[in-house]
Amino acid sequence: MKIAVVGTGYVGLVSGACFAEMGVDVTCVDIDETKIKGLKQGIIPIYEPGLKNIVVRNYDAGRLKFTNDLPSVLNDMNIVFIAVGTPSDESGNAEMKYVWAVADTIAKHITKPLLIVTKSTVPVGTSHQIKERVSEKLRERNVEVDFDVASNPEFLKEGAAVDDFMSPDRVVVGVESERAKELMTRLYRPFLLNNFRVIFMDILSSEMTKYASNAMLATRISFMNDIANLCELVGADVNMVRRGIGSDSRIGRSFLYPGCGYGGSCFPKDVKAIIKIAENAGYEMSVLKAVEQVNENQKKILFHKFSDFFNGDIERKTVAVWGLSFKPETDDVRDAPSLMLINSLLKSGVNVRGYDPAAMDEARKQLNDTIYYAKDIYDAANNADALIVPTEWKEFRLPNWEILKKIMRTHLVIDGRNIYNKEELASYGFEHRGIG
(Lines give C-alpha, C1' and ligand atoms only; values in the text may rest on other atoms or scores of the structure.)
Protein backbone atom coordinates (compact mmCIF):
# COMPACT_ATOMS: atom_id res chain seq x y z
CA MET A 1 0.00 0.00 0.00
CA LYS A 2 1.18 3.49 -0.87
CA ILE A 3 0.11 6.57 1.05
CA ALA A 4 0.94 10.25 0.97
CA VAL A 5 0.83 12.47 4.05
CA VAL A 6 0.47 16.15 3.17
CA GLY A 7 2.00 18.37 5.83
CA THR A 8 5.23 17.60 7.69
CA GLY A 9 4.37 19.36 10.90
CA TYR A 10 3.87 17.59 14.18
CA VAL A 11 0.96 15.36 13.12
CA GLY A 12 2.05 14.69 9.55
CA LEU A 13 5.67 13.83 10.23
CA VAL A 14 4.94 11.57 13.20
CA SER A 15 2.14 9.81 11.30
CA GLY A 16 4.17 9.34 8.13
CA ALA A 17 7.25 8.07 9.94
CA CYS A 18 5.28 5.64 12.10
CA PHE A 19 3.30 4.26 9.15
CA ALA A 20 6.64 3.68 7.39
CA GLU A 21 7.97 1.95 10.50
CA MET A 22 5.12 -0.56 10.11
CA GLY A 23 6.08 -1.30 6.50
CA VAL A 24 3.85 1.11 4.60
CA ASP A 25 5.29 2.94 1.57
CA VAL A 26 4.95 6.59 2.65
CA THR A 27 5.61 9.88 0.88
CA CYS A 28 5.49 12.99 3.06
CA VAL A 29 4.63 16.18 1.19
CA ASP A 30 5.17 19.80 2.17
CA ILE A 31 5.31 23.08 0.24
CA ASP A 32 8.25 24.22 2.39
CA GLU A 33 11.26 23.33 0.23
CA THR A 34 13.76 24.06 3.00
CA LYS A 35 11.97 21.70 5.38
CA ILE A 36 11.84 18.91 2.78
CA LYS A 37 15.53 19.35 1.97
CA GLY A 38 16.36 19.19 5.67
CA LEU A 39 14.28 16.05 6.22
CA LYS A 40 16.16 14.29 3.44
CA GLN A 41 19.33 15.12 5.37
CA GLY A 42 17.92 13.85 8.67
CA ILE A 43 17.15 17.32 10.05
CA ILE A 44 13.94 17.08 12.09
CA PRO A 45 12.02 20.37 12.36
CA ILE A 46 10.39 19.50 15.70
CA TYR A 47 11.65 18.08 18.98
CA GLU A 48 9.95 14.77 19.68
CA PRO A 49 11.66 11.88 21.52
CA GLY A 50 12.41 8.91 19.25
CA LEU A 51 11.21 10.56 16.05
CA LYS A 52 14.56 11.25 14.41
CA ASN A 53 15.66 7.62 14.60
CA ILE A 54 12.46 6.44 12.93
CA VAL A 55 12.64 9.07 10.20
CA VAL A 56 16.29 8.38 9.35
CA ARG A 57 15.91 4.61 9.48
CA ASN A 58 12.89 4.49 7.20
CA TYR A 59 14.24 7.11 4.79
CA ASP A 60 17.44 5.09 4.42
CA ALA A 61 15.34 1.94 3.86
CA GLY A 62 13.34 3.65 1.11
CA ARG A 63 9.97 3.31 2.87
CA LEU A 64 9.79 7.01 3.70
CA LYS A 65 10.18 9.66 1.00
CA PHE A 66 9.88 13.43 0.98
CA THR A 67 8.72 15.81 -1.74
CA ASN A 68 7.16 19.24 -2.20
CA ASP A 69 5.38 18.17 -5.40
CA LEU A 70 2.08 16.47 -4.56
CA PRO A 71 0.85 16.21 -8.20
CA SER A 72 3.95 14.21 -9.17
CA VAL A 73 3.10 11.41 -6.71
CA LEU A 74 -0.66 11.75 -6.32
CA ASN A 75 -1.79 9.12 -8.78
CA ASP A 76 0.58 6.48 -7.39
CA MET A 77 -1.22 6.59 -4.04
CA ASN A 78 -3.99 4.51 -2.52
CA ILE A 79 -4.59 7.03 0.28
CA VAL A 80 -3.75 10.71 0.79
CA PHE A 81 -3.84 12.05 4.34
CA ILE A 82 -4.40 15.76 4.84
CA ALA A 83 -2.34 16.68 7.91
CA VAL A 84 -1.81 20.42 7.48
CA GLY A 85 -2.24 23.01 10.22
CA THR A 86 -5.63 24.40 11.23
CA PRO A 87 -4.69 27.23 13.64
CA SER A 88 -7.28 29.53 15.17
CA ASP A 89 -8.12 32.63 13.19
CA GLU A 90 -8.86 35.99 14.82
CA SER A 91 -12.45 34.97 15.66
CA GLY A 92 -11.53 31.57 17.09
CA ASN A 93 -12.61 29.51 14.08
CA ALA A 94 -10.23 26.92 12.65
CA GLU A 95 -8.27 28.42 9.74
CA MET A 96 -9.03 26.11 6.81
CA LYS A 97 -7.11 27.63 3.90
CA TYR A 98 -4.39 24.99 3.99
CA VAL A 99 -6.93 22.15 3.96
CA TRP A 100 -8.76 23.68 1.01
CA ALA A 101 -5.47 24.18 -0.85
CA VAL A 102 -4.67 20.46 -0.57
CA ALA A 103 -8.20 19.47 -1.62
CA ASP A 104 -8.00 21.76 -4.67
CA THR A 105 -4.61 20.33 -5.67
CA ILE A 106 -6.00 16.80 -5.44
CA ALA A 107 -9.07 17.78 -7.48
CA LYS A 108 -6.94 19.39 -10.16
CA HIS A 109 -4.64 16.41 -10.67
CA ILE A 110 -6.48 13.24 -9.65
CA THR A 111 -6.90 10.65 -12.43
CA LYS A 112 -7.24 7.37 -10.51
CA PRO A 113 -9.38 6.12 -7.58
CA LEU A 114 -8.21 7.58 -4.29
CA LEU A 115 -9.16 7.73 -0.62
CA ILE A 116 -8.79 11.23 0.87
CA VAL A 117 -8.45 11.20 4.65
CA THR A 118 -8.50 14.20 6.98
CA LYS A 119 -6.03 13.78 9.83
CA SER A 120 -5.90 17.48 10.67
CA THR A 121 -8.26 18.60 13.41
CA VAL A 122 -11.09 20.09 11.38
CA PRO A 123 -14.60 21.44 12.05
CA VAL A 124 -17.43 18.93 11.90
CA GLY A 125 -18.55 18.58 8.30
CA THR A 126 -15.16 19.30 6.72
CA SER A 127 -14.75 15.89 5.08
CA HIS A 128 -18.13 16.26 3.41
CA GLN A 129 -17.12 19.72 2.22
CA ILE A 130 -13.92 18.25 0.79
CA LYS A 131 -15.96 15.69 -1.11
CA GLU A 132 -18.24 18.38 -2.52
CA ARG A 133 -15.29 20.60 -3.42
CA VAL A 134 -13.39 17.85 -5.23
CA SER A 135 -16.53 16.63 -7.02
CA GLU A 136 -17.30 20.14 -8.25
CA LYS A 137 -13.81 20.65 -9.63
CA LEU A 138 -13.87 17.25 -11.32
CA ARG A 139 -17.09 18.28 -13.06
CA GLU A 140 -15.38 21.48 -14.18
CA ARG A 141 -12.60 19.32 -15.64
CA ASN A 142 -15.25 17.09 -17.25
CA VAL A 143 -13.52 14.11 -15.64
CA GLU A 144 -15.02 11.15 -13.79
CA VAL A 145 -12.87 9.64 -11.05
CA ASP A 146 -14.05 7.46 -8.19
CA PHE A 147 -12.81 8.75 -4.85
CA ASP A 148 -13.84 8.43 -1.21
CA VAL A 149 -13.35 10.55 1.86
CA ALA A 150 -12.73 9.50 5.45
CA SER A 151 -11.78 11.04 8.78
CA ASN A 152 -8.97 9.71 10.97
CA PRO A 153 -8.26 12.23 13.74
CA GLU A 154 -5.02 12.02 15.71
CA PHE A 155 -4.80 11.68 19.48
CA LEU A 156 -1.08 12.19 19.98
CA LYS A 157 0.49 13.70 23.08
CA GLU A 158 3.47 15.91 22.40
CA GLY A 159 6.48 14.37 24.07
CA ALA A 160 5.06 10.86 23.69
CA ALA A 161 3.76 10.98 20.12
CA VAL A 162 5.73 8.05 18.71
CA ASP A 163 4.63 5.72 21.51
CA ASP A 164 1.05 6.99 21.22
CA PHE A 165 0.98 6.28 17.49
CA MET A 166 2.55 2.84 17.74
CA SER A 167 0.51 1.75 20.79
CA PRO A 168 -2.61 3.94 20.93
CA ASP A 169 -5.61 3.69 23.23
CA ARG A 170 -7.77 3.61 20.14
CA VAL A 171 -7.88 4.61 16.49
CA VAL A 172 -11.00 6.46 15.39
CA VAL A 173 -11.98 6.21 11.73
CA GLY A 174 -14.97 7.88 10.14
CA VAL A 175 -16.12 6.39 6.83
CA GLU A 176 -19.17 6.44 4.60
CA SER A 177 -18.37 3.60 2.17
CA GLU A 178 -17.27 -0.02 2.40
CA ARG A 179 -14.37 0.73 0.05
CA ALA A 180 -13.00 3.35 2.44
CA LYS A 181 -13.48 1.04 5.41
CA GLU A 182 -11.65 -1.79 3.66
CA LEU A 183 -8.69 0.44 2.77
CA MET A 184 -8.38 1.83 6.31
CA THR A 185 -8.66 -1.69 7.74
CA ARG A 186 -5.80 -2.84 5.50
CA LEU A 187 -3.69 0.16 6.50
CA TYR A 188 -4.12 -0.40 10.24
CA ARG A 189 -3.98 -4.21 10.14
CA PRO A 190 -0.26 -4.34 11.16
CA PHE A 191 -1.09 -2.38 14.29
CA LEU A 192 -3.77 -4.88 15.32
CA LEU A 193 -0.98 -7.17 16.48
CA ASN A 194 -0.73 -4.80 19.46
CA ASN A 195 -4.39 -5.56 20.31
CA PHE A 196 -5.65 -2.02 20.21
CA ARG A 197 -9.04 -0.96 18.96
CA VAL A 198 -9.99 0.54 15.62
CA ILE A 199 -13.35 2.21 16.12
CA PHE A 200 -15.28 2.80 12.91
CA MET A 201 -18.07 5.36 12.91
CA ASP A 202 -19.71 7.90 10.63
CA ILE A 203 -17.55 10.82 9.48
CA LEU A 204 -19.35 13.57 11.40
CA SER A 205 -19.04 11.66 14.68
CA SER A 206 -15.36 11.01 14.00
CA GLU A 207 -14.67 14.70 13.49
CA MET A 208 -16.61 15.58 16.65
CA THR A 209 -14.81 12.90 18.70
CA LYS A 210 -11.50 14.74 18.32
CA TYR A 211 -12.89 18.03 19.59
CA ALA A 212 -14.88 16.39 22.37
CA SER A 213 -11.82 14.47 23.59
CA ASN A 214 -9.59 17.54 23.84
CA ALA A 215 -12.41 19.59 25.33
CA MET A 216 -12.94 17.00 28.08
CA LEU A 217 -9.24 16.94 28.97
CA ALA A 218 -9.09 20.73 29.02
CA THR A 219 -12.16 20.76 31.25
CA ARG A 220 -10.51 18.45 33.79
CA ILE A 221 -7.44 20.70 33.89
CA SER A 222 -9.43 23.89 34.40
CA PHE A 223 -11.68 22.22 36.96
CA MET A 224 -8.69 21.10 38.99
CA ASN A 225 -7.09 24.54 38.77
CA ASP A 226 -10.33 26.09 40.03
CA ILE A 227 -10.35 23.64 42.95
CA ALA A 228 -6.68 24.43 43.66
CA ASN A 229 -7.39 28.14 43.87
CA LEU A 230 -10.27 27.49 46.25
CA CYS A 231 -8.07 25.21 48.36
CA GLU A 232 -5.63 28.07 48.88
CA LEU A 233 -8.41 30.33 50.12
CA VAL A 234 -9.90 27.85 52.60
CA GLY A 235 -6.68 26.16 53.74
CA ALA A 236 -7.12 22.75 52.10
CA ASP A 237 -4.28 20.87 50.34
CA VAL A 238 -5.12 20.31 46.68
CA ASN A 239 -2.70 17.38 46.44
CA MET A 240 -4.65 15.54 49.11
CA VAL A 241 -7.92 16.48 47.40
CA ARG A 242 -6.60 15.19 44.07
CA ARG A 243 -5.66 11.86 45.63
CA GLY A 244 -9.04 11.61 47.26
CA ILE A 245 -11.16 12.22 44.19
CA GLY A 246 -8.79 10.42 41.82
CA SER A 247 -9.26 7.15 43.71
CA ASP A 248 -12.91 7.15 42.61
CA SER A 249 -13.04 4.80 39.60
CA ARG A 250 -15.66 7.02 38.00
CA ILE A 251 -13.19 9.90 37.99
CA GLY A 252 -9.70 8.43 37.75
CA ARG A 253 -6.35 10.14 38.28
CA SER A 254 -5.50 11.40 34.78
CA PHE A 255 -5.46 15.14 34.10
CA LEU A 256 -6.20 16.04 37.71
CA TYR A 257 -2.91 17.82 38.36
CA PRO A 258 -3.25 21.51 39.20
CA GLY A 259 -0.84 23.92 37.59
CA CYS A 260 -0.41 27.23 35.83
CA GLY A 261 -2.70 26.49 32.87
CA TYR A 262 -2.63 24.47 29.68
CA GLY A 263 -1.06 25.56 26.38
CA GLY A 264 0.26 23.96 23.22
CA SER A 265 -1.07 23.48 19.72
CA CYS A 266 -4.24 21.53 20.55
CA PHE A 267 -6.21 22.40 23.67
CA PRO A 268 -6.38 26.21 23.27
CA LYS A 269 -7.34 26.20 19.59
CA ASP A 270 -9.64 23.18 19.83
CA VAL A 271 -11.60 24.60 22.75
CA LYS A 272 -11.99 27.85 20.80
CA ALA A 273 -13.00 25.95 17.67
CA ILE A 274 -15.69 23.81 19.31
CA ILE A 275 -17.15 26.93 20.93
CA LYS A 276 -17.32 28.49 17.46
CA ILE A 277 -18.77 25.33 15.91
CA ALA A 278 -21.53 25.51 18.51
CA GLU A 279 -22.13 29.20 17.89
CA ASN A 280 -22.44 28.56 14.17
CA ALA A 281 -25.03 25.87 14.98
CA GLY A 282 -26.96 28.24 17.25
CA TYR A 283 -25.82 26.71 20.55
CA GLU A 284 -23.74 28.05 23.45
CA MET A 285 -21.06 25.85 25.04
CA SER A 286 -21.33 27.42 28.51
CA VAL A 287 -19.05 24.90 30.24
CA LEU A 288 -16.26 25.27 27.69
CA LYS A 289 -16.44 29.05 27.78
CA ALA A 290 -15.82 28.78 31.51
CA VAL A 291 -13.00 26.28 30.92
CA GLU A 292 -11.32 28.75 28.56
CA GLN A 293 -11.73 31.66 30.99
CA VAL A 294 -10.38 29.69 33.95
CA ASN A 295 -7.34 28.73 31.89
CA GLU A 296 -6.62 32.30 30.83
CA ASN A 297 -6.84 33.40 34.45
CA GLN A 298 -4.64 30.52 35.61
CA LYS A 299 -1.83 31.57 33.29
CA LYS A 300 -1.56 34.79 35.32
CA ILE A 301 -1.22 33.08 38.67
CA LEU A 302 2.59 32.73 38.73
CA PHE A 303 3.08 36.43 38.10
CA HIS A 304 0.59 37.33 40.82
CA LYS A 305 2.30 35.04 43.34
CA PHE A 306 5.63 36.67 42.55
CA SER A 307 4.26 40.21 42.74
CA ASP A 308 2.35 39.52 45.96
CA PHE A 309 5.48 38.18 47.69
CA PHE A 310 7.22 41.52 47.10
CA ASN A 311 4.05 43.57 47.75
CA GLY A 312 4.11 44.81 44.17
CA ASP A 313 7.64 46.24 44.42
CA ILE A 314 9.12 44.16 41.62
CA GLU A 315 10.70 46.63 39.20
CA ARG A 316 14.36 45.75 38.50
CA LYS A 317 14.00 42.41 40.25
CA THR A 318 15.52 39.38 38.50
CA VAL A 319 13.57 36.18 37.92
CA ALA A 320 14.81 32.78 36.78
CA VAL A 321 12.26 30.92 34.67
CA TRP A 322 12.83 27.19 34.37
CA GLY A 323 10.83 25.76 31.47
CA LEU A 324 9.72 27.66 28.37
CA SER A 325 7.86 24.96 26.45
CA PHE A 326 4.20 24.41 27.30
CA LYS A 327 4.99 20.92 28.63
CA PRO A 328 8.04 18.66 29.06
CA GLU A 329 9.60 16.66 26.21
CA THR A 330 8.68 19.15 23.49
CA ASP A 331 10.02 22.41 22.06
CA ASP A 332 6.50 23.73 21.44
CA VAL A 333 5.92 27.14 23.04
CA ARG A 334 2.54 27.87 21.47
CA ASP A 335 0.22 29.38 24.10
CA ALA A 336 2.73 28.35 26.77
CA PRO A 337 2.02 29.73 30.27
CA SER A 338 5.70 30.66 30.47
CA LEU A 339 5.29 33.23 27.69
CA MET A 340 2.41 35.00 29.42
CA LEU A 341 4.46 35.00 32.64
CA ILE A 342 7.56 36.39 30.94
CA ASN A 343 5.67 39.10 29.09
CA SER A 344 4.01 40.20 32.34
CA LEU A 345 7.40 40.29 34.08
CA LEU A 346 8.98 42.31 31.29
CA LYS A 347 6.13 44.83 31.29
CA SER A 348 6.74 45.34 35.00
CA GLY A 349 10.43 46.05 34.51
CA VAL A 350 11.65 42.66 35.72
CA ASN A 351 14.81 41.07 34.31
CA VAL A 352 14.20 37.51 33.11
CA ARG A 353 16.75 34.72 32.85
CA GLY A 354 15.19 31.73 31.07
CA TYR A 355 16.24 28.15 30.51
CA ASP A 356 14.66 25.16 28.79
CA PRO A 357 16.24 21.84 27.74
CA ALA A 358 14.67 21.93 24.24
CA ALA A 359 12.69 25.10 23.55
CA MET A 360 15.32 27.86 23.65
CA ASP A 361 15.28 28.45 19.89
CA GLU A 362 11.48 28.42 19.67
CA ALA A 363 11.23 30.78 22.64
CA ARG A 364 13.71 33.17 21.03
CA LYS A 365 11.44 33.39 17.98
CA GLN A 366 8.68 34.68 20.26
CA LEU A 367 10.69 36.75 22.74
CA ASN A 368 13.64 37.86 20.60
CA ASP A 369 16.40 39.22 22.87
CA THR A 370 14.14 40.56 25.60
CA ILE A 371 15.39 37.95 28.09
CA TYR A 372 18.69 36.32 28.95
CA TYR A 373 18.94 32.76 27.59
CA ALA A 374 20.82 30.74 30.18
CA LYS A 375 23.11 27.81 29.49
CA ASP A 376 21.69 25.73 32.37
CA ILE A 377 19.46 25.95 35.43
CA TYR A 378 22.16 27.44 37.64
CA ASP A 379 23.13 30.08 35.11
CA ALA A 380 19.45 31.05 34.99
CA ALA A 381 19.22 31.30 38.79
CA ASN A 382 22.37 33.39 39.24
CA ASN A 383 21.55 36.53 41.30
CA ALA A 384 17.82 35.84 40.94
CA ASP A 385 15.24 37.23 43.33
CA ALA A 386 12.90 34.34 42.52
CA LEU A 387 12.88 31.01 40.75
CA ILE A 388 9.65 30.30 38.86
CA VAL A 389 8.97 26.87 37.33
CA PRO A 390 6.17 26.81 34.71
CA THR A 391 7.24 23.49 33.12
CA GLU A 392 8.09 20.26 34.96
CA TRP A 393 11.06 18.95 32.99
CA LYS A 394 12.68 15.99 34.75
CA GLU A 395 16.05 17.72 35.12
CA PHE A 396 14.38 20.37 37.28
CA ARG A 397 13.16 17.91 39.92
CA LEU A 398 16.32 17.40 41.96
CA PRO A 399 18.48 20.52 41.71
CA ASN A 400 21.29 21.22 44.15
CA TRP A 401 19.53 23.51 46.62
CA GLU A 402 22.77 24.35 48.41
CA ILE A 403 24.20 25.81 45.21
CA LEU A 404 20.97 27.68 44.54
CA LYS A 405 21.02 29.07 48.08
CA LYS A 406 24.46 30.56 47.43
CA ILE A 407 23.80 32.04 44.00
CA MET A 408 20.26 33.44 44.44
CA ARG A 409 19.67 36.83 46.05
CA THR A 410 16.22 36.00 47.40
CA HIS A 411 15.35 32.42 48.24
CA LEU A 412 11.88 32.22 46.73
CA VAL A 413 10.61 29.31 44.60
CA ILE A 414 7.27 29.63 42.82
CA ASP A 415 6.36 26.11 41.77
CA GLY A 416 3.89 26.17 38.91
CA ARG A 417 3.56 22.37 38.74
CA ASN A 418 3.86 21.33 42.39
CA ILE A 419 6.99 19.27 41.84
CA TYR A 420 8.78 20.31 45.05
CA ASN A 421 8.17 19.53 48.71
CA LYS A 422 7.54 22.64 50.79
CA GLU A 423 9.09 21.21 53.96
CA GLU A 424 12.23 20.06 52.13
CA LEU A 425 12.77 23.48 50.59
CA ALA A 426 12.22 25.13 53.97
CA SER A 427 15.05 23.02 55.38
CA TYR A 428 17.37 24.67 52.84
CA GLY A 429 16.06 28.12 53.68
CA PHE A 430 13.70 28.57 50.72
CA GLU A 431 10.22 30.01 50.67
CA HIS A 432 7.98 27.75 48.53
CA ARG A 433 4.80 28.92 46.83
CA GLY A 434 2.91 26.22 44.93
CA ILE A 435 -0.52 25.84 43.35
CA GLY A 436 -3.35 25.07 45.82
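Student: Where does N382 lie in this model?

Tutor: In this predicted model, N382 sits in the loop that runs between α16 (377-381) and β12 (386-389).

Student: Is N382 buried, partly exposed or exposed, and how do I decide?

Tutor: Burial is read from relative accessible area, where buried means under 20% and exposed over 50%. N382 has a relative accessible area of 32%, so it counts as partly exposed.

Student: Which residues is N382 in contact with, once its neighbours within four places in sequence are left aside?

Tutor: The contacts of N382 are then R353 and I407. As for K406, which is 24 residues away along the chain, its C-alpha atom is separated from that of N382 by 8.9 Å.

Student: How can I check the span of helix α6 (residues 126-141)?

Tutor: One compares an expected span with the distance between the end C-alpha atoms; at 1.5 Å a residue, the 16 residues of α6 should span 22 Å, and because the ends are 22 Å apart, the two agree. After α6 comes N142, which has a positive phi, near 60°.

Student: Which residues of α6 are buried, and what covers them?

Tutor: The buried residues of α6 are T126, S127, I130, V134, S135 and L138, and their cover includes β4 (79-82), α5 (97-109), β5 (114-118), β6 (147-151) and α9 (203-234).

Student: In what order do the eight strands of the open sheet stand?

Tutor: The order is β3-β2-β1-β4-β5-β6-β7-β8, with mixed pairing. At the edges are β3 (64-67) and β8 (197-201), each of which has a single partner strand, so one side of each lacks a neighbour in the sheet.

Definitions and conventions: Residues are numbered from 1 along each chain as its sequence is written. This is a predicted model: local features need pLDDT of at least 70, side-chain atom pairs count only at pLDDT 80 or more; totals for chains, interfaces and linings use all residues. Side-chain values use heavy atoms; hydrogens and water are left out. Helices (H or I, at least four residues) and strands (E, at least two) are DSSP runs, numbered from the N terminus. The expected span of a helix is 1.5 Å times one less than its number of residues. Buried means under 20% relative accessible area, exposed over 50%, partly exposed in between (1.4 Å probe, protein chains only). Contact means heavy atoms within 4.5 Å. Two strands pair if DSSP finds at least two bridges between them.
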